[in-house]
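Student: Please take a close look at one helix in this model, and then connect it to the sheet and the aromatic pairs. I would like the cut-offs stated along the way.

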Amino acid sequence: MAIGYLPKGLNPPSVNMLYFHGSYLALAIKIGIVSNILALIEGIAVEEHLQPLTTTKLMETKKCGLLALSFLRSAVNCNAGAQTALSNIMMVTPVLITLLFLMPLFYYTPNVVLTAIIITIVIGIIDYQAAFRLWKANKVDFLGLYKLLRCSLCFSSSWTCYFVGMSLFKILLHVTRPNTSSLGNVRGTQIYQSLRRYRKSMRISYFLILSSVKSPIYFVNSTYIKERLE
């Protein structure tokens, strides 16, 4: 199946269509807030994923140089070797020319061609090795990754947001209930390891050596950590 007719030109301004009254105003504000939060999370996630794939380490003040409004366009920038935000300007120029003059030329373009382009771009930035390492390190986190990937491919975006919410809940759970473990000395060395994970670790008499709590200590988890110590 071909794409069909695509009107050329830019969308007209729609400021005159904004209405700040009506029964759906509160719902529209809620949707707008949630959409902006999701867009921010997506931008941070895409940037953190694409930055290690570049040839140079971007400065902290220029970390968003590769982002281009969407995951797909950001992937195009990365595959093209982009390093700074100037690449966005270079990309916008041909897009603008295409929208203004060349849109009718895509009338007979098959949809399968667009699908192949998207798959070719995205598949190059999928980190299979990271998923394999996650499987070996933490089965629960890998299960969340698998469910999220399955929902993204097979279901609507609402289900994807649901599993993202579950992941955020898991993070909050780790913050409020951080993992702690007692350490023991590995005989003949000055190394201290978890008594539960390393059989060669020996408990030191009259001392309780606690590993670094895997979360900042503040009012949310201070009571829980105190109870664990006691």
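**Helix H3 and its surroundings**

Tutor: Helix H3 (residues 86–102) has 17 residues and reaches 24 Å from its first C-alpha to its last, close to the 24 Å expected at 1.5 Å a residue; the expected span is 1.5 Å times one less than the number of residues. Helices (H or I, at least four residues) and strands (E, at least two) are DSSP runs, numbered from the N terminus.

The model is predicted: local features need pLDDT of at least 70 and side-chain atom pairs count only at pLDDT 80 or more, while totals for chains, interfaces and linings use all residues. Residues are numbered from 1 along each chain as its sequence is written, and side-chain values use heavy atoms, with hydrogens and water left out.

The buried residues of H3 are Ser87, Asn88 and Met91. Buried means under 20% relative accessible area, exposed over 50%, and partly exposed in between (1.4 Å probe, protein chains only). An α-helix has 3.6 residues a turn, so residues three or four places apart point the same way. On the other side of H3, Leu86, Ile89, Met90 and Phe101 are exposed.

Next, the aromatic pairs. A search of the whole structure finds two; rings of Phe, Tyr and Trp (its six-membered ring) pair if their centres lie within 6.5 Å, and planes under 30 degrees apart count as stacked, over 60 as edge-to-face and the rest as tilted. Tyr107 and Tyr108 are edge-to-face because their planes stand at 70 degrees, with ring centres 4.7 Å apart. Tyr107 is partly exposed at 36% relative accessibility, whereas Tyr108 is exposed at 68%. The pair of Trp135 and Phe142 is also edge-to-face, at 5.1 Å centre to centre and 75 degrees between the planes. Trp135 is partly exposed at 41%, and Phe142 is partly exposed at 25%.

Finally, the sheet. Three strands form an open antiparallel sheet in the order S2-S1-S3; two strands pair if DSSP finds at least two bridges between them. Strand S2 (192–194) and strand S3 (201–202) are the edge strands, each pairing on one side only. Strand S1 (residues 183–186) pairs with S3 over two bridges, and Asn185 has Met202 in S3 as its bridge partner.
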